[in-house]
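Please read the following alongside the sequence and the three-dimensional view. The text goes from a pair of helices to a sheet and then to a pocket.

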Amino acid sequence: MTLRAPVPPRAPPTRQHRVWSWRSPAARALLWQALALVGLLVGLLWLVHNTQVNMAARGIQSGWDFLGQTAGFDIGEQLIAFDAGDSLARAFLVGLLNTLRVALLGILLCTLLGTLIGLGRLSHNLLLRALCRAYVELFRNVPLLVQLLVWYLLLVEYLPDSAAAWSWRDALFLSKAGLAFPTLVTGAGGWNDWNDWSGWHWQLPALQDFGIEGGGALSPEFIAVTLGLSCYTAAFVAEVVRAGLRSVPYGQIEAAQSVGLSRRQTLRLVTGPLALRVILPPLTNQYLNLTKNSSLAVAIGYPDLVSIANTTLNQTGRAVECIGVIMLVYLALSLLTAALMAVFNRRVALKER
């Protein structure tokens, strides 16, 4: 038997510096990307300059100084104090908060309703499955603007007047004026009572001679926009949920049933977590669509960001600036929504590993 000398271990490969040359595909790709970026910047600068020259030639003012001007108009719904003497910048802030108010509540409602309808489409009950399918086919095939107008007409035409409002235990009142509900308010001490729970009490709405007074209220415009956006988007969310649950291999369901899990436990512990990674990306798209579709609220008189921008445009003539504000706000909201959902998606993926 011949003995072989041990083979010495191979030295780790030395890191070679990449030599850039015009023959390198990576170098050519980087060059074309740089040229495309420069071309895009030049095109944008030319567009801005051309717009300014044409506006100056026609005597159209430009700039952002108008945001400090007095608004001169009232806003029917506001989450922060506002009157006609405040600035236009504050008016835009009120419109933004009204948009966020509709979008956040709409996202919550469409998620709950869409999940229930998606589960109903997979039910063994034929009637329930047919009703859920009919809902999806009806709401996703009728234009959203038409649905908003229908909800608004139902609220302002077929509900009773505020003097004869429908009531529930003298706490909730529904009428053409909207929905009145109890609110939790602090005592006479104002801000000093915030840490003293004994100073808090419920303020109930009451039916008076000239309408409903006290408590909080939701306008018919807000209710119509919220219901329209929620019901419309819920039809698409239902299909996302159904497709996500269908993507789970049937062997996983059989394995869960073999160990004695009920259908509810299988959904909560097996199919739900596995389907969530398929559901989240298209669900994010539906959230983005709902937020952008809230701009249609101007059609029924809800004072959202688009409505405030239109009023400001008519008063000041700053069309480019007002449209720019709308574009930037909706772009920021979409990017923020996508970023938050991406973080949530990564956390779900880490839990499954």
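The axes of α2 and helix α8 (residues 305-316) come within 7 Å of each other and cross at roughly 155 degrees. That makes α2 roughly antiparallel to α8, a label used for angles over 145 degrees, while those under 35 count as roughly parallel, 65 to 115 as roughly perpendicular and the rest as oblique. Axes here are lines fitted to C-alpha atoms, for helices over the stretch in contact, and angles run from 0 to 180 degrees between N-to-C directions. Helices (H or I, at least four residues) and strands (E, at least two) are DSSP runs, numbered from the N terminus.

This is a predicted model, in which local features need pLDDT of at least 70 and side-chain atom pairs count only at pLDDT 80 or more, whereas totals for chains, interfaces and linings use all residues. Residues are numbered from 1 along each chain as its sequence is written, and side-chain values use heavy atoms, with hydrogens and water left out.

Where the two helices meet, α2 contributes Leu88, Ala91, Phe92, Gly95, Leu96 and Thr99, and α8 contributes Leu305, Ile308, Ala309, Thr312 and Thr316; contact means heavy atoms within 4.5 Å. Seven of the contact residues are nonpolar, four are polar and none is charged. In this grouping Ala, Val, Leu, Ile, Met, Phe, Trp, Tyr, Cys and Pro are nonpolar, Asp, Glu, Lys and Arg are charged, and the others, Gly among them, are polar.

Next comes the sheet. It is open, with four strands in the order β1-β2-β3-β8 and antiparallel pairing; two strands pair if DSSP finds at least two bridges between them. β1 (166-168) and β8 (216-218) are at the edges with a single partner strand each, so one side of each has no neighbour in the sheet. From one strand to the next, the twist averages 15 degrees.

Within the sheet, a hairpin of two residues joins β2 to β3. Strand β2 (residues 172-175) pairs with strand β3 (residues 178-181) over three bridges. Phe173 is opposite Ala180 in β3, and Leu174 has Leu179 as its bridge partner. On to β8, β3 is joined by three bridges, and Phe181 is partnered there by Gly216.

Of its 16 lining residues, the closest to the centre are Leu122, His124, Ile253, Arg263 and Leu267. A pocket is an open set of points on a 1 Å grid over the protein atoms alone, where a 1.4 Å probe fits, with protein on both sides within 12 Å along at least five of seven lines; lining residues have an atom within 4 Å of a point.
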